[in-house]
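Could you walk me through this model in my viewer, one selection at a time? I would like to know what to click on next and what I will find there.

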Amino acid sequence: MIPVYDFMPIFAAAIGAVLVLAVIWYILQAIAYWKIFTKAGEPGWKSLIPIYNLYTQYKITWDTHMYWLLLICSGLAVYFNGSHGFLSCIGSALSLVTMAINLISTWKYSRAFGHGVLFALGLLLFAPIFQLILGFGSSEYVGPQTDGWL
């Protein structure tokens with residue numbers, strides 16, 4: 001029987017390799033997001049600040065008022081979903097509103113860079129990969145999509 005401690009170097013190497021790949025992947029994502037912001041005429045550093053980057057993304061793709069609505073609905077949904085009875089129903093409804101805003105925002109994000117519904121679906125399902133395509137690809141910024149909800 002092989003002792004368990006003989007496999008420790010293999011496990012350590014595997015964990016180290018996964019961590020290195022994760023760091024490289026994160027750096028690639030940050031660079032792609034930076035390039036997306038630069039394509040849209042915004043300073044790239046805005047992509048590195050966690051909450052401000054979403055605000056800027058809404059500015060690029062749609063409208064900052066929708067960002068504030070999303071923020072308020074998300075906060076209230078979290079607050080009310082911890083309740084019981086009717087307030088929990090309000091929290092669930094606000095969660096649906098938040099989901100709808102995010103779906104529309106993804107559609108507008110796709111259109112802001114000249115893409116269609118299939119690219120928006122890709123952004124929904126495989127966001128990191130499609131962020132890399134937007135950042136490093138030949139997509140050009142068209143402008144914010146403020147023409148109604150859809």
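Start by selecting K59, which counts as partly exposed at 39% relative accessibility (buried is under 20% relative accessible area, exposed over 50%, partly exposed in between, with a 1.4 Å probe and protein chains only). This is a predicted model, in which local features need pLDDT of at least 70 and side-chain atom pairs count only at pLDDT 80 or more, while totals for chains, interfaces and linings use all residues. Residues are numbered from 1 along each chain as its sequence is written, and side-chain values use heavy atoms, leaving out hydrogens and water.

K59 forms a salt bridge with E42, with the closest N and O atoms 3.3 Å apart (a salt bridge is a side-chain nitrogen of Lys or Arg within 4 Å of a carboxyl oxygen of Asp or Glu). This pair links distant parts of the chain: K59 sits in helix α2 (residues 50-61) and E42 in the loop between α1 and α2, 17 residues apart. Helices here are DSSP runs (H or I, at least four residues), numbered from the N terminus.

Next, bring in K46. Its salt bridge with E42 has the closest N and O atoms 2.7 Å apart. Shared partners join E42, K46 and K59 into one network. E42 counts as buried, at 13% relative accessibility, and K46 is also buried, at 9%. A search of the whole structure finds two salt bridges.

For the next stop, select Y33, I36, F37, A40, I60, Y109, A112, F113, F119, L123, F130 and L134. These twelve residues make up the largest nonpolar core (a set of buried Ala, Val, Leu, Ile, Met, Phe, Trp, Tyr and Cys residues joined through side-chain atoms within 4.5 Å). Two or more residues come from each of α1, α4 (86-112), α5 (117-125) and α6 (127-136), and α1 gives the most, with three. A second, separate core of seven residues includes Y58, W62, Y67 and I104.

Finish at the largest pocket by selecting Y26, Q29, A30, Y33, S47, L48, N53 and Q131, which line it. On a 1 Å grid over the protein atoms alone, a pocket is an open set of points where a 1.4 Å probe fits, with protein on both sides within 12 Å along at least five of seven lines; lining residues have an atom within 4 Å of a point. Helix α1 (residues 8-39) supplies the largest share of this lining, four residues. The lining divides into four nonpolar, four polar and no charged residues.

Terms used
Ala, Val, Leu, Ile, Met, Phe, Trp, Tyr, Cys and Pro count as nonpolar, Asp, Glu, Lys and Arg as charged, and the others, Gly among them, as polar.
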